[in-house]
Amino acid sequence: MKKLANKIALVTGGSRGIGAATVRRLASDGALVAFTYTNSAETAEAIVNEINAADGRAIAIRADSSKSADIIHAVNKTVAEFGGLDILVNNAGIYIGKDFQEHTIEEYDQLMDVNVKAVYVAALEAVKHLKAGGRIITIGSNMADNAIGPQTTLYTMSKSALQGFTRGLARDLGPKGITVTLVQPGPTHTDMNPDNTEQAGYLRSRMALPNYGSVEDVAGLVSFLASDEGKQITGSWVTVDGGLNA
Ligand code: NDP
């Protein structure tokens, strides 16, 4: 039997990058997977078709993480479609990097709404459905522990907030048998952080392993934490950064 057989998962931002790899990995481990996207309707549909053609089950839901009503809708649609929820993966995130003085309050709202508030809202809605054995897994960043350089204040601040969220909620949900964990990727080749830029060369020079991570490296860890093997891990995080923070 596959390790996530009959589990029901919702992954936010599952149309590209780390989220798409996580959707594929959870589905190949046997989970029924719903995922959200904002713009990439065609890509989302292709992922659904690919999973369904391989005898898995997936659905794509257009839901903007910056809108609380969309997130609540995504959780409820997942439950209505599959009959419950076992695993919430908060993956959707955005990056805005620029000199601190150039930031606007609108950018603060935009980034914090997606990177922090959406995580909180999704968890708030998900706990209505999660049972013992449930999982809340959030994708943070190695930058929560290492700001790396200038122009990172806003993003680093948002990802650090997820550490507090993870610690606190683990205490709230522990008595119910639900774990809350944080996966902190380092440089990982995606549209957000391609491995062939000048910035990528700099990041690679700071890593213990001089290789960019792959989306599968992160998805594999999410799968482990979602499975029964991860049942004793809660309130803490694992950093998958090729030793950038070492
Ligand atoms: P990408 O930009 O490659 O993909 C982002 C995904 O999130 C897409 O599926 C996109 O949907 C979706 N998304 C973006 N905004 C929203 C929104 N408002 N509502 C719903 N979905 C949204 O990002 P990555 O895969 O690189 O990053 C995924 C997560 O990993 C983020 O939280 C990021 O901060 C984190 N991370 C990434 C690192 C890296 O090096 N790549 C390093 C550390 C952390 P659509 O296709 O429709 O636009």
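In what order do the seven strands of the open sheet lie, and is their pairing parallel or antiparallel? The model in the viewer is predicted. Select the strands: the order across the sheet is β3-β2-β1-β4-β5-β6-β7, and the pairing is parallel.

**The edges.** Select residues 57-62 and then 236-240. These are β3 and β7, the edge strands, and each of them pairs on one side only. Viewed from one strand to the next, the twist averages 15 degrees.

**A helix on the sheet.** Now select residues 153-173, which make up helix α5. This helix packs on the sheet and touches three strands: β5 (135-139), β6 (179-185) and β7. To check its orientation, compare the direction of α5 with that of β6; the angle between them is about 160 degrees.

**The β2-β3 pair.** Go to residues 32-37, strand β2. Six bridges join β2 to β3, and the two run parallel.

**The ligand shell.** Last, select the ligand and its surroundings. The shell holds 30 residues, and the closest are Gly13, Gly17, Ser40, Gly93 and Thr190. Colour the shell by class to see nine nonpolar, 18 polar and three charged residues.

Which element gives the most to this shell? Select α1, residues 17-28: α1 gives the most, with three residues.

How values were computed: Residues numbered from 1 in each chain as written. Predicted model: local features only at pLDDT ≥ 70, side-chain atom pairs only at ≥ 80, totals over all residues. Pairing = 2+ DSSP bridges. Helix = DSSP H or I, 4+ residues; strand = E, 2+ residues; numbered from the N terminus. Axes fitted to C-alpha atoms, helices over the stretch in contact; angles between N-to-C directions. Contact = placed C-beta atoms within 7 Å. Near = placed C-beta within 6 Å. Nonpolar A, V, L, I, M, F, W, Y, C, P; charged D, E, K, R; others polar.
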